[in-house]
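Here is a short tour of one chain, written to be read with the model open beside it.

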Amino acid sequence: MNSSNPRIHSVTVADVAREAGVSKATAARVLGNYGVVSEKIRGDVLAAARQLDYRPNELARSMTTGRSGIIGVVVGDIENSFFGYAVRGISDTARSAGFNVILANSSEQIEMEKAAVRVLIGKRVDGLIVTPSESRDISHLRDIHRSGRPLALLDRALPNFDVDTVTVDDRNAAQRATEILTASGHRRIAYITAVDFAGHEYKDLAQIYTSSVRERIEGFMTACNIAGVPPQDRLIMLGATTQQSTAEITTNLLSRPNPPTAIIASDSVIALEIFKVVRQRGLRIPEDVSLITFHDADWTTVTSPPITVIDQPAYLLGQTVAELLIRRLKGEARPPERIIVPTSIIERGSVAPPANQG
């Protein structure tokens, strides 16, 4: 009986070899980019592959060569444009070196991060770039490192874990941003972050398991200490994990009898919600509330007023961490590197002296 859906024949290495008039082993060397063949034979095989529209079986190739040509990437929040730019830097650098990228999102949750790593290992990725969601539980990352598969960390360092790591100067950046506010006269300042803790209440740094957030809070507190900001007026707010939670946190802050006169947002997603709530309450930036955010997102230049930002070179971060990983993949043996990329502050129109400290 003839089937109404005839089987589609996938072009194989043997088909390419037959078309090029070479052995299957020779065709495999050319298509797998390993071994030595003459330029003429290489050209004949590649021409035959194009003619037949040959598509490599990546799994079969990885089992043959031990390499998949794929880098796995796990980031915290793909909604955050910071990670979008960083992944673009990784992808561009990987592509120019002959690698593809598979991206996974952890939503800043350790179990999702572990699951993403398991999936990528199952895909036989050659190496991994991970933004660790926390520093308490890194057994899955230690397992990768022990296995010999190259691993690099993006945006967040881990204590006592020596692998290639690329971050920005978070502590210094937060301190400089806070100093801009204190120099303008602000003495009630809030720092809002997506990192959460039971009860959403900040007590001390021992609660914070994300290195970048911990360093930013340290910088914020240092600047407050230098300026003599009273402890009760240094407001560190946790749990801005969604638009709704960020709006609730901001609304509660601005509803206090003595609300903060300035806010620092830990990322541009949070800052946008803060901006919306301020406007919805009939308040003005910077006359009623000054605002600074980490990351120079596109929207920060088109608002009225434009927003002062801590410019994190996200693309450069991604490019740099990919270069470190690719050097490992190419067999370079060297001690682990920790690269700290400097940030800059772009002052626009969202900071002014407080109208009333109360």
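This is a predicted model: local features need pLDDT of at least 70, side-chain atom pairs count only at pLDDT 80 or more; totals for chains, interfaces and linings use all residues.

Residues are numbered from 1 along each chain as its sequence is written, and side-chain values use heavy atoms, with hydrogens and water left out.

**The chain as a whole.** The C-alpha trace spans about 85 × 50 × 40 Å along its principal axes. You will find twelve helices and twelve strands in the chain; these are DSSP runs (helices H or I, at least four residues; strands E, at least two), numbered from the N terminus. Of the 358 residues, 48% count as buried, a term for under 20% relative accessible area with a 1.4 Å probe and protein chains only.

Strands β6 (residues 189-192) and β7 (residues 234-237) are parallel partners joined over four bridges, where pairing asks for at least two DSSP bridges. Y191 has I236 of β7 as its bridge partner. From β7, R234 and I236 point one way and L235 and M237 the other, yet all are buried. Elsewhere, helix α2 (residues 24-32) has T26, A27, V30, L31 and G32 buried, and just after α2, N33 takes a positive phi of about 60°.

**Rings.** The structure holds three aromatic pairs, meaning rings of Phe, Tyr or Trp (its six-membered ring) with centres within 6.5 Å. In one of them, F82 and F83 have ring centres 5.2 Å apart and planes at 75°, so the pair is edge-to-face (over 60 degrees). Both F82 and F83 are buried.

| Arginine | Ring | Distance from ring centre |
|---|---|---|
| R136 | Y209 | 3.8 Å |
| R216 | F294 | 3.7 Å |

**The largest pocket.** How much space lies in the largest pocket? About 890 Å³, taken as the space filled by probe spheres set on the grid points, which are joined across faces, edges and corners. On a 1 Å grid over the protein atoms alone, a pocket is an open set of points where a 1.4 Å probe fits, with protein on both sides within 12 Å along at least five of seven lines; lining residues have an atom within 4 Å of a point. Of the 40 lining residues, S107, E108, A194, V195 and T241 are the closest to the centre. The elements giving two or more residues to the lining are α5 (81-96), α9 (211-227), α10 (243-254) and α11 (268-280).

Methods
Rings of Phe, Tyr and Trp (its six-membered ring) pair if their centres lie within 6.5 Å; planes under 30 degrees apart count as stacked, over 60 as edge-to-face and the rest as tilted. Buried means under 20% relative accessible area, exposed over 50%, partly exposed in between (1.4 Å probe, protein chains only). A charge sits over a ring if NZ of Lys or CZ of Arg is within 6 Å of the ring centre and within 35 degrees of the ring normal.
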